[in-house]
Structures are given as C-alpha cells and as structure tokens.
Amino acid sequence: MFTNRSPGRLRAALVVPVLALVAVLAGCGDSSSNSADSGPREVPSATGPIKVPADPQRIVVLNGNLAGYLYDLEAPVVAADPRLLGVPTKPGEFPTGWADDAKAQGTQAVPSGDNINLEFIAAQRPDLIIGGGQGYPGQQSVNAYDQLSAIAPTVLMPTETTNWQDQLRFIAETVNKPANVDTLIANYQAKLTEAKSKIKPPVGATTVFQSIKSQKPTVFVPTAALPALLAEVGFTLDTQVEAKAGNPAKEQSADFISFSPELLSTVIDAPVLFTIPLSGGRSLEELRADPLYASLPSFEAGKVFELPATSSRPDYRTVMATLDLLVERFR
C-alpha cells in the first residue's frame, strides 16, 4: 500500500503558493478556454460528488492508465502523466498506445518524481484534473488531492474500479461524453465475438502470472481483467489459486495475490500459464532458466505464453490489441 511521502505541514504550505500561481496565470490566460460559463455539473469521485465544467477544455490527467480513455472520447488533454502500471517508459516519453494522440493534441508530459509537480500542473491552467485509479501515479494524486483541488476541480477514479468498461464510463461521465461509450463498447463486443470464433484455447485450466521486480510469485485472481478476458474467449481458468495459496491477505482493490516461493508448485499447477513481465520482472526465457519454474507442469508441457505488460490491466485500446494477440497465437 502506498503511503503519502509529503508531510501534512508541507501539503498545507504548498496550497498558498499554488493558489497564487493560479491567480497570476488566470489573469494572463485566454478566457475563451475557460468553460465555466457553460455551468458546472456534479459528477462522482472517490472523494464524493465534485462540480466540474460542463465542457472541460484543459484537462490534466495524472494517471497514464486513464489517459487513453480521454483520447478515445476525443477530450482535450493539455497534460498527462506518461507512466503506465508495470510498463517501463523513458522519462517524458508517452506510451506507444496513445503517443500519436498526445502529439496531435500538443499534450505535455507531467514530470515524474516522488511528489507531484504542482507548479507544472498549475501552469497548464487546467479546468479539470483527473487522477486516482491503480498504481503509484494514481496514489500520488490521492496524496496531493488538497493541493490539486486548489488548482482546479479534481476527480479521482476509485481504486476498486478496475474493469476497463467501468473506467471508460467513469471518465466519459466526468468529461460529459457519455454518447461515445456505446460506440466503443459495441466495437469491442464485435471484436470479441470475432475473436471467440477464431481462438482455439489449449485444453486444461489456465493461470495468469505476473513477473515482478522482487521475483516474489504473484498471480492474478480469476476475476481480474485479463483472466476475465481469457475466460470470455474460451480459456478455462483455475479458480482455486487463492485457496491453494492459503487465501493470503490483499488490499480490497488488488487484483492479484502474492505468496511464498515454497508454494509455487502448489499454486501454479495448472497445465496452461500466461506470464506478464512487468517493469523489472523476468521474461519468459529467464523464467525457463529457473529450475523452480522449469519444473512446473505448464513449462514441462510447453504451454506457457507471454503477453506484454500492457495486457495486464487493459484499457479500451489495449484490450483490442490483446484480442489480436490471442487470435494470432491460438487460431
């Protein structure tokens, strides 16, 4: 669980200079970019209902895992945090999934660091800030919520909202573009139906493994986004992984469990395995070189398949790309 790295007194002290900066920037800004005249709307947030502009024109998004939805909805993004959960990127470099959209809109990269760069965010003159969600960048915006709210209305995605369709609906409601949602989900349903008709899954139960930097064995619970997608296209999930691991404690919003290496052969005894190398984790070839993994039934049977880190918690774009990968591998 992430903790707030900014002491309470520092957080309070930052509000005043940020407010001063906002006032200066507002005085020199173009009033045509401010959509407040169209009247505020009340939308849900992890902190409770928040009033936001009816038609926001200068959005700052502080979690890269949520940014793709804004481009899908054709919402204007002036700045975005480029970091994706578990996906390595260079500082200031946008993920390939929406880098072209960011370039087309002139989106600025939010500087990454141990604390949110409030001065940079204020300098963007946002009329809406979106944060929260899963991962460290999301937690940073939660920690800095008071300071961010002093800059512009700040909406936080609840951490327990992990399904991409629910995230899309949440973002669409926040930016007042609900009509776009039906089209996107219809596109997905059509692609899913096509994929199901082509995919021939291997016989036997399937487990999805996260390869993480600490090398502690970690698997997704069956209800997580990626296992649920695999089930939809015909894979048979191992629904007993948590019981086999002794039902380890996890955060309410967590979609995975971690367990002792001594339990590896007990928990991951399914004949089919997907591995997801997250940032700093080992690749499939590196796992094959480890005797503990090489002796697992899935490795011995040659039924281990690697998917990119972007597939682990997909948004609309990456779930569509993941379906393409599954069709290519299992048709």
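User: How many aromatic pairs does the structure hold?
Analyst: The model is a predicted one. Ring pairs in it include those that link Phe235, Phe274, Phe305 and Phe330 into a cluster. In total, the number of aromatic pairs is 11.

User: Which geometry, stacked or edge-to-face, describes the rings of tryptophan 164 and tyrosine 188?
Analyst: The ring centres of tryptophan 164 and tyrosine 188 are 4.9 Å apart, and centres within 6.5 Å qualify as a pair. Their planes stand at 80 degrees, and an angle over 60 counts as edge-to-face. The geometry of this pair is therefore edge-to-face.

User: How many residues apart in sequence are the parts that the pair of tryptophan 164 and tyrosine 188 ties together?
Analyst: Tryptophan 164 belongs to helix H7, residues 164-174. Tyrosine 188 belongs to helix H8, residues 179-198. The pair therefore ties together parts whose separation in sequence, in residues, is 24.

User: Is tyrosine 188 buried or exposed?
Analyst: The relative accessible area of tyrosine 188 is 1%. The cut-off for a buried residue is under 20%. Tyrosine 188 is therefore classed as buried.

User: What is the geometry of the ring pair formed by tryptophan 164 and tyrosine 316?
Analyst: The centres of the rings of tryptophan 164 and tyrosine 316 lie 5.8 Å apart. Their planes are at 55 degrees, whereas stacked requires under 30 and edge-to-face over 60. The pair is therefore tilted.

User: Which helix holds tyrosine 316, and how many residues apart in sequence are the parts tied together by its pair with tryptophan 164?
Analyst: Tryptophan 164 lies in H7, while tyrosine 316 lies in helix H15, residues 316-330. Both tryptophan 164 and tyrosine 316 are buried. The helix asked for is thus H15, and the separation in residues is 152.

User: How many of the 11 residues of H7 are buried?
Analyst: The buried residues of H7 are Trp164, Gln165, Gln167, Leu168, Phe170, Ile171, Ala172 and Thr174. Among them, Trp164 has a relative accessibility of 4%. H7 is mostly covered, and its number of buried residues is 8.

User: Over the face of which residue does arginine 329 lie?
Analyst: Arginine 329 is 5.2 Å from the ring centre concerned. A charge over a ring has to be within 6 Å of that centre. The ring belongs to phenylalanine 330.

User: Which helix gives the largest share of the lining of the second largest pocket?
Analyst: This pocket contains about 450 Å³ of space, and of its 28 lining residues the closest to the centre are Leu84, Val87, Pro95, Thr310 and Thr318. The lining divides into 11 nonpolar, 13 polar and 4 charged residues. The largest share, 4 residues, comes from H2.

User: Is asparagine 247 buried or exposed?
Analyst: Asparagine 247 occupies the loop between helix H10 (241-244) and strand E11 (256-258). Its phi is positive, about 50 degrees, although it is not a glycine. With a relative accessible area of 55%, and the limit for this class being over 50%, asparagine 247 is exposed.

How values were computed:
Residues numbered from 1 in each chain as written. Predicted model: local features only at pLDDT ≥ 70, side-chain atom pairs only at ≥ 80, totals over all residues. Heavy atoms only, no water. Phe/Tyr/Trp six-rings, centres within 6.5 Å; stacked < 30°, edge-to-face > 60°. Helix = DSSP H or I, 4+ residues; strand = E, 2+ residues; numbered from the N terminus. Buried < 20%, exposed > 50% of the residue type's maximum accessible area, 1.4 Å probe, protein only. Lys NZ or Arg CZ within 6 Å of the ring centre and 35° of its normal. 1 Å grid on protein atoms, 1.4 Å probe; cavity = no way out; pocket = protein on both sides within 12 Å on 5 of 7 lines; lining within 4 Å. Points joined across faces, edges and corners; volume = space filled by probe spheres on them. Nonpolar A, V, L, I, M, F, W, Y, C, P; charged D, E, K, R; others polar.
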